[in-house]
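Me: I would like to go through this structure with you and ask, for each term that is used, what it rests on.

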Amino acid sequence: MPLYVAQRVAVATPSNLAHRIRGLSDRTIAWLFVAPTIFLLLAVNIFPLIWTIRLSLTNFRTNRPNNAVEFVGIENYRKILTDPDTWQSLQATAHFLIWTIILQVLIGFTLAYLINKKFRGNDLWTTLIVLPMMLSPAVVGNFWTFLYQPQIGLFNYFIEFISGTDPASFSMIGEVALAPWAIVIVDTWMWTPFVMLICLAGLRSIPSSIYEAAECDRASKWRQFWTITIPMALPFLMLAVLFRGIENFKMFDLVVQLTGGGPGSTTQLTSIDLKREAFEKWRTGYASAYAVILFVTVFGLASIYVKALNKVKDR
Amino acid sequence: MSYSITEPSDRQKWIAGLLVITYAIVTLIPLVWIIATGFKTPSDAIAYPPKVFFEPSLEGYVNLFTSRSRVTPEDLAALPPPATFYDRIVRQYDMVITGPSRYGERFMNSVIIGFGSTFLSVFLGTIAAYAFSRFKVPLKDDLLFFILSTRMMPPIAVAIPIFLMYRQLGLSDTHLGMILLYTAVNLSLSVWLLKGFIDEIPIEYEEAALIDGYTRFQAFYKVVLPQAATGIASTAIFCLIFAWNEYAFAALLTSGTAQTAPPFIPTIIGTGGKDWPAVAAGATLFLVPIMVFTILLRKHLLRGITFGAVRK
């Protein structure tokens, strides 16, 4: 490696060897500092990605390593896109995605709006509200199956308390009609604070002078809300929606622990479907093609996300 | 602060406070319930109606940390009297303690892998972020986007080749394998967060140091690092929380030696049905440290969850 001994602004004393080594040029330092990160990411992300793409064109199965590996072209992709199971899991994912986002935005924004009224102790309560989202989704999701137990579960008891329904008469995670809502409820419970925090930042970024000007112009509160608050908080809201969208599109841990994809395959989101193909049926080639399709989708969402992120940053 | 016509009225504040506090209390019930269930007896835990008030018991914790086996009443009578409170609890159920459970090991695995990967990702992240913040790195924006995009990858999709790769390299179910994996996943967060923190340190400090005869390295660790200490600390906590909570990779790539707590806790079962107090006890010990960290982190929370995009 070449050592550049240059660009030192003032060198009063003659440099010894140690000093010379540490006096590497900025370019070398930049290289040295960035290289390990890039290298690790290449090894743990890009190399596997290329491997996945290669596998996706074969019929390789991990549990039959001695079988001849055949090149099958885009056959796996064709199979996935024509498999009704894929579409069913996409549907389950869409239901999950749409409802969690709607509920989290509505509740999260409302909470942020209320907290922004700056009542006494709002900081403390904000911190408490945030707690669920920092915890391990798998561990918490597992405990929610206890809250969802018919008869003895706290959730069912709560429903009985407010509506009088017999708590033994329904099972949130055991019934085809209820299970998709069971996962929406837990995800909303867990991640509403995320949307709330970002919305709160959005609301706090609006200078009060704008409201003062609107007040002078005798604009009604209602009008102020729709013409000032919403448009100015919108980039933040979009950021929250995109982030939740990406995260919930990949959703695995929480739902696997809650329902395991069941009953039947009603809550089998794409990640869970993929996990079954890859690690239970061991159809590695097929699952790799599936993974590539998910990559491409998430990558598309991510590039939109980064654009939105930069927009918010410029504010 | 001056009086403002846009300041909410007292009544508005009162209503807003009431609604927010109600939400907070409702949302905290499941967490309180986890902690409470850990101190219940198995029969109290599954009582109907659910018991809000109960006599606290350490049974859940005893069951969490021990493995037990059933003995016949005659054998039990032949044993010397119980020496400790946990022996006493176990013997009520005609059981004896046969040894420690796996919970301790799994918890330690979480600690080792969590701290190991946090240290690595913060170390690598700090130097990379410094380079991105201060130097002209070719293709800087593309590299930064690439780093962020690695975070967006669905873990299950990455897990297929990693699984095969680790099997070849002998890294599956090892601490090192999990540390490297979590480091790679956390790097995106640590680079982006730390770049934000370092960007905020005025470049004039380093320029002054350079003029005083410091080398770049010296300027970096004597001037920049101390200034970035808060940022580095909060980044570290975020990385730790991620590694601590991670489930998908842990469930697919570890099974014994290096298994962390999240895939283990749901598998805790008792004799005759799930031992919910033991599960809740395990969950409590696992979750409470994160609750404490969250409260410590509250000022930087927003930054952490948005990769440094939104600062208060």
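Me: What is the distance between the centres of domain 1 of chain A and domain 2 of chain A, and over which atoms is it taken?
Reply: In this predicted model, the centres of domain 1 of chain A and domain 2 of chain A, taken over C-alpha atoms, are separated by 35 Å. Domain 1 covers 17–56 and domain 2 covers 75–313 of chain A.

Me: What makes up the contact of domain 1 of chain A with domain 2 of chain A?
Reply: Two residues count as in contact if their C-beta atoms lie within 7 Å, and the contact takes five residues from domain 1 of chain A and eight residues from domain 2 of chain A. On the side of domain 1 of chain A that touches domain 2 of chain A, three residues are nonpolar, two are polar and none is charged.

Me: How many residues of chain B are in contact with chain A, and which helix gives the most?
Reply: By the criterion of C-beta atoms within 7 Å, 90 residues of chain B are in contact with 88 residues of chain A. Helix α1 (residues 10–38) of chain B gives the most to that side of chain B, with 16 residues.

Terms used:
Residues numbered from 1 in each chain as written. Chains lettered and ligands numbered in written order. Predicted model: local features only at pLDDT ≥ 70, side-chain atom pairs only at ≥ 80, totals over all residues. Helix = DSSP H or I, 4+ residues; strand = E, 2+ residues; numbered from the N terminus. Domains from an automatic or database assignment. Nonpolar A, V, L, I, M, F, W, Y, C, P; charged D, E, K, R; others polar.
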